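This report examines one residue and one ligand site. Please keep the sequence and the structure in view while reading.

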Amino acid sequence: MINLGLSLYSKGISPDKACTKVSAGLLSLVCDCAVSVRVLELHPFKFFLQLKLCSRSGMFARLNVKLRPALRQAQLSWRHRTQIRGRSDTSATFHLHQDCLELSYGGTPMRFNYVWLRDHCRSAASYSSNTHQRNVDTGSIELSIRPDRTTVEDGHLVLTWPDGHVSKYSLSWLAENSYEVKKQSAVQPRILWNSDIYKKADMPSAKYNKFMSSDDELKKFLQHYLQYGIAFVDDVPATVEATEEVTKRVSLIRETTYGRMWCFTSDFSRGDSAYSQLALDRHTDTSYFQEPCGIQVFHCLKHEGSGGRTLLVDGFYAAEKLRQKSPENFELLATVPIRHEYIEETEGHRNHITGIGPVLNVYPWNNEVYLMRYNNYDRGVLNTVPHDTVQRWYVAHRELTAELRRPENELWVKLTPGKVIFVDNWRVLHGRESFTGLRQICGCYLTRDDIINTARCLGLQALS
Ligand SMILES: C[N+](C)(C)CCCC[C@H](N)C(=O)O
Ligand SMILES: O=C(O)CCC(=O)C(=O)O
Ligand SMILES: [Fe+2]
């Protein structure tokens, strides 16, 4: 870890404000080693800003900048997150321990297990660079394996194994793939929002024609979606077909018991409150699936009446508030498995679906929330929790509910014909106001894997 003083040539930065006020390229930092740097990308994450920096001499680095909201002209401490790339003078040192090889490179000490190193050999015999698949038979690696010879040559760690096989790993590959670097990185850089933050960010909607024809427009849309968990396409013809066309640009449609593309109105055609005129409190959908649907798409094709606005709440913003205020309640919601259930017994439909998992799902290596299940309508009988935990669970659930219900966290939008919204159903809760008159909504669910696949193929950082 390197600690340097930094002067921030941008005033009034706080974690919340940073989300809206600062965008890539606006910050100029000068560090006390007299290297002036430019910000290429910026991702606010918890109490850090993640910056991708480029110096005049072309060095790249990713940094976590810790924010101290109280300071206006902030003196910030910063932490090296990954190696500095493109430097020929980057030195590396290694140490062979009993159980691992310790490598110091780019300021980060990293430990690599010996079996791991043999297992991750990238030589042609061990790994196919065409198919990106492993050829090594992991089951045949001696569990007590150690290299006979270890050197660093030309930016690579070179190991010779007892059977004579040589493995070469580029130092930057090792750094990028080390646990030490991963545990400091956000899998998905996000901008957490309340209504004010989202409105001030003033994110533009994509426009149908451009969205359908330009990959750049699609990329911008996906960047927006990945950062905020919601994104809009405007000027879409108010038909199911055009809505389907738009969704197919980003992902495969996930067919469910509601169909592939669905169209619903308040006709009680299904045994669920969505098919009524009632208000619906904030919730995530399909919490009763073992894997809740990743994305929900809505397009209001028609509304002749009043009310019916859509409510959106960033569940991860609320979860982070809970983590700050009551880490033990956060922990409880992240560990106690609960059941959600969908029981439908109507003339045309019989379904009984259940899914079990905690309200908050957190990656264990970096404590990042990646999925929230929150649906009080569909929450099943609570019998997966021992007696002495039940009361504590309700207290924790209440505290999360209070955060989710803060008026300042509510973003209300009226969906109108032409406006298609994509909602990250693992993160952003939706609800609706009660309404009168004929209101027709079409949409579909999408698979999360596929939208992220599209984003990654367009060069965006998504779940890396
Ligand atoms: C979207 N569509 C109207 C098709 C289905 C609605 C499903 C509603 C269910 N209670 C849930 O939250 O999953
Ligand atoms: O009617 C709406 O706006 C949304 C209803 C709902 O929650 C859903 O369909 O999942
Ligand atoms: Fe819903």
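The text below turns to the residue and then to the ligand.

The model is predicted: local features need pLDDT of at least 70, side-chain atom pairs count only at pLDDT 80 or more, and totals for chains, interfaces and linings use all residues. Residues are numbered from 1 along each chain as its sequence is written, ligands are numbered from 1 in the order in which they are written, and side-chain values use heavy atoms, without hydrogens and water.

T265 lies in the loop between strand 18 (262-264) and strand 19 (280-283); strands are DSSP runs of E with at least two residues, numbered from the N terminus. T265 counts as buried because its relative accessibility is 17%, where buried means under 20% (1.4 Å probe, protein chains only). Leaving aside residues up to four places away in sequence, T265 touches Y275, L438 and R439, with heavy atoms within 4.5 Å. R439 is 174 residues from T265 along the chain, yet their C-alpha atoms are separated by 5.8 Å. The T265 side chain also reaches the backbone oxygen of R439 at 2.8 Å.

R439 is also one of the residues around ligand 2, each having a heavy atom within 4 Å of the ligand. Strand 19, strand 20 (295-304) and strand 28 (428-432) each supply at least two residues of this shell.

| Residue | Distance to an oxygen atom of ligand 2 |
|---|---|
| H430 | 3.1 Å |
| R432 | 2.7 Å |
| R439 | 2.7 Å |

Taken alone, ligand 2 exposes 290 Å², and the protein buries 95% of that, by the Shrake-Rupley method with a 1.4 Å probe.

Note on methods. Helix = DSSP H or I, 4+ residues; strand = E, 2+ residues; numbered from the N terminus. Buried < 20%, exposed > 50% of the residue type's maximum accessible area, 1.4 Å probe, protein only. Polar contact = N/O pair within 3.5 Å; in protein donor to acceptor, adjacent residues only side chain to side chain.
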